[in-house]
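Here are my notes on the model you sent over.

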Amino acid sequence: MTRTLQHSRGALLALALITTAALSGAVWHYGYVQALGPLAARGQSDLELASERLVTQLQRFREFAVLSADHPALSALHHFGSRRAAEATLLRGADRSGAALAAYVDTTGRVLAASEPGLPDWVLRGEPFARALDGALGIAHGAGPEGIDRAFYFAAPSFGIDGRVRGALIVVVDIARLEQDWRGSLPAVFFTDSGGEIFATNRSELLGWRRTGPTEVVTADGRRREVTVREPGGHIVWQQRFSPYVPAHALRLESALPVIDMTGVLLMDTAPATRLAGLQAAVVASVVLFFGALLWLALERRRALAEANLVLEERVSARTRALQQSNVALRREIAERQDAEAALKRAQAELVQASKLSALGKMSAGISHELNQPLMAIRSFAENGTAFLERGKQERAAENLGRISDMANRMGRIIKNLRAFAKAEPEPARRVGLAAVVESALEVLAPRIRETGTRIDWQRPETPTMVMAGEVRLGQVVINLLSNAMDAMADSDPRAITIRVTRDDAAGQVLLSVRDTGPGIADPSRIFDPFYSTKEVGAEEGMGLGLSISYGIVEGFGGRLRGENVPGGACFTVELLQAKEMA
């Protein structure tokens, strides 16, 4: 019987240990999955930071290519211009932007000028140059010139005065130079191309590696490395032996970067989650074993069990309070961020509306004159009509009534335009007649145009020009451009604004240009920055928000607003999507 009792006690002890191990394993898995959530959020933030940094660094080379493609020194190469001057211009631009090489080629692929020799032939035979010849920005990456292992290429088209592509400016970026700024500064992060090959990374030993399957990676020298993939709680965890500087157990996060045709991947060490889960499992195992020991010794140490149980409850309560406080703080932070985002959207909408109301305030004097004149005329015609009726001259009275009706229609048209301009318009873009919007804006600004003595050169297009936009918001953009033009010409003589509407059926766009005879744009690169203004500080106008708001409105339509200096003044061009013909 004693042996049976010993077996029973042994079996009970074994069962208790197995149960404790199973419970600890379940707690470990649950805690591990829960800990991966904040770890993934932090890793996603680091990945977005690294991706944004790479894209931002490449953005300045893209802008250098686009803005310099039509440089006068390069354009002169097509008309017996100086190659030495063109190469000096390219060398100066490459030095300032940090580009490894800049070359200007014609449509046949012949290099007309280059900051340095060595442009690879495959670039001229590849897709980026072909896209540039089609009038679009070409982007590619691959082997670089001599001395550069990896390079990023931008090919920007150069247009002639006839609108055709006559060449392309190719800018070469040394990726290794960009990596020097952020190598080792974050967890292991790399960027792969469409073939899965690592092209840029902050861990140089991973360069040239490519993923050939779900669980296989091939190194740069052709060796194959196996990867164990697990998905706890929907997270992807890799177990590998890539490098001493890459964690053996890593949370894998990725983000698509269509702007540069790559995918960013980050490997975040899961050791903190493992330690936290192990700590939680150890705590649970300790608690279970502790309770088991107390139960085992309940008869001998009842008082000690009560004291130990009290201590344990205090620890559990303290940990519960800490977890609850952390949960409350996290929810509060989420709510604050949501409120901040909603406040930002409201502020943006109110800023647009305030800009329109401010414009109405500045036009109030002219509007009062426009409404007062027909009111006085109506009063005069009404008194004359009364006199004619008393004399029995019904025809003359009817004539005066007709004139009163015309004046009322005129006032109604003015008020209608003002109400349309002042109201908010949250509706999405739709078919809008561009010519009608321009004429409505001219009618609203008519008092100020007469007051400033500005000559308007407006030619309504012969064919209908329907665009995708919001009628009120587009009207605000046109009024803002015309008002800015009149402000810029305050000290100019003559004062003239030329307005033209052209269609680009090939690109599916409609272009509205507003050209003035003012002094031009002082700094075209900052003209659309918020709060940037060339007007005097403290003036009634000059907060520098009008063009920034207009830029955002046009971009919301899927279009583009650009400003440039032209001979004799400045020109702003609004590019809008051409509306499809109604069936």
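1. Let me start with Glu333, which is partly exposed because its relative accessible area is 35%. Keep in mind that this is a predicted model. Glu333 pairs up with Arg337 in a salt bridge, with 2.8 Å between the closest N and O atoms. Both residues sit in helix H8 (residues 302-362), 4 residues apart, or about one turn of the helix. Arg337 has a relative accessible area of 58%, so it counts as exposed.

2. What about salt bridges elsewhere? The count comes to 11 salt bridges. One of them joins the side chains of Arg430 and Glu471, at 3.5 Å from N to O. Arg430 belongs to strand S15 (residues 430-433) and Glu471 to helix H13 (residues 471-488), so this pair ties together parts 41 residues apart in sequence. Arg430 is partly exposed at a relative accessible area of 40%, and Glu471 is partly exposed at 42%.

3. Now have a look at Glu575, in strand S21 (residues 569-577). Is Glu575 buried or exposed? Its relative accessibility is 8%, and buried means under 20%, so Glu575 counts as buried. Its side chain makes a polar contact of 2.8 Å with the side chain of Arg562. Glu575 is also part of a network of salt bridges that links Arg560, Arg562, Glu564 and Glu575. Leaving out residues up to four places away in sequence, the residues Glu575 touches include Gln509, Val510, Leu511, Val554 and Gly559.

4. Val554, one of those contacts of Glu575, lies in helix H14 (residues 546-556). Which residues are buried in that helix? They are Leu547, Ser548, Ile549, Ser550, Ile553 and Val554. Just after H14, Gly558 takes a positive phi of about 85°.

5. On to the rings: a search of the whole structure turns up 2 aromatic pairs. Trp122 and Tyr153 make an edge-to-face pair, 5.1 Å centre to centre with 85° between the planes. That pair links distant parts of the chain, since Trp122 is in helix H4 (residues 121-125) and Tyr153 in strand S4 (residues 151-159), 31 residues apart. Trp122 is partly exposed, with a relative accessible area of 29%, whereas Tyr153 is buried at 1%. Phe152 and Phe154 have ring centres 5.3 Å apart and planes at 45°, so their pair is tilted. Phe152 is buried at 1% relative accessibility, and Phe154 is buried with a relative accessible area of 2%.

6. Leu17 is in helix H1 (residues 2-68) and counts as partly exposed, because its relative accessibility is 47%.

7. Finally, the overall picture. The protein has 14 helices and 21 strands, and buried residues make up 40% of its 583 residues. Of the contacts between residues at least 6 apart in sequence, 59% join residues at least 24 apart. The accessible surface comes to about 33,400 Å², with 55% of that belonging to carbon and sulfur atoms.

Note on methods. Residues are numbered from 1 along each chain as its sequence is written. This is a predicted model: local features need pLDDT of at least 70, side-chain atom pairs count only at pLDDT 80 or more; totals for chains, interfaces and linings use all residues. Side-chain values use heavy atoms; hydrogens and water are left out. Helices (H or I, at least four residues) and strands (E, at least two) are DSSP runs, numbered from the N terminus. Buried means under 20% relative accessible area, exposed over 50%, partly exposed in between (1.4 Å probe, protein chains only). A polar contact is a pair of N or O atoms within 3.5 Å; within protein, one must be able to donate a hydrogen and the other to accept it, and residues adjacent in sequence count only if both atoms are side-chain atoms. Contact means heavy atoms within 4.5 Å. Rings of Phe, Tyr and Trp (its six-membered ring) pair if their centres lie within 6.5 Å; planes under 30 degrees apart count as stacked, over 60 as edge-to-face and the rest as tilted. Accessible areas come from the Shrake-Rupley method with a 1.4 Å probe; for residues, only the protein chains shown count as cover. A salt bridge is a side-chain nitrogen of Lys or Arg within 4 Å of a carboxyl oxygen of Asp or Glu.
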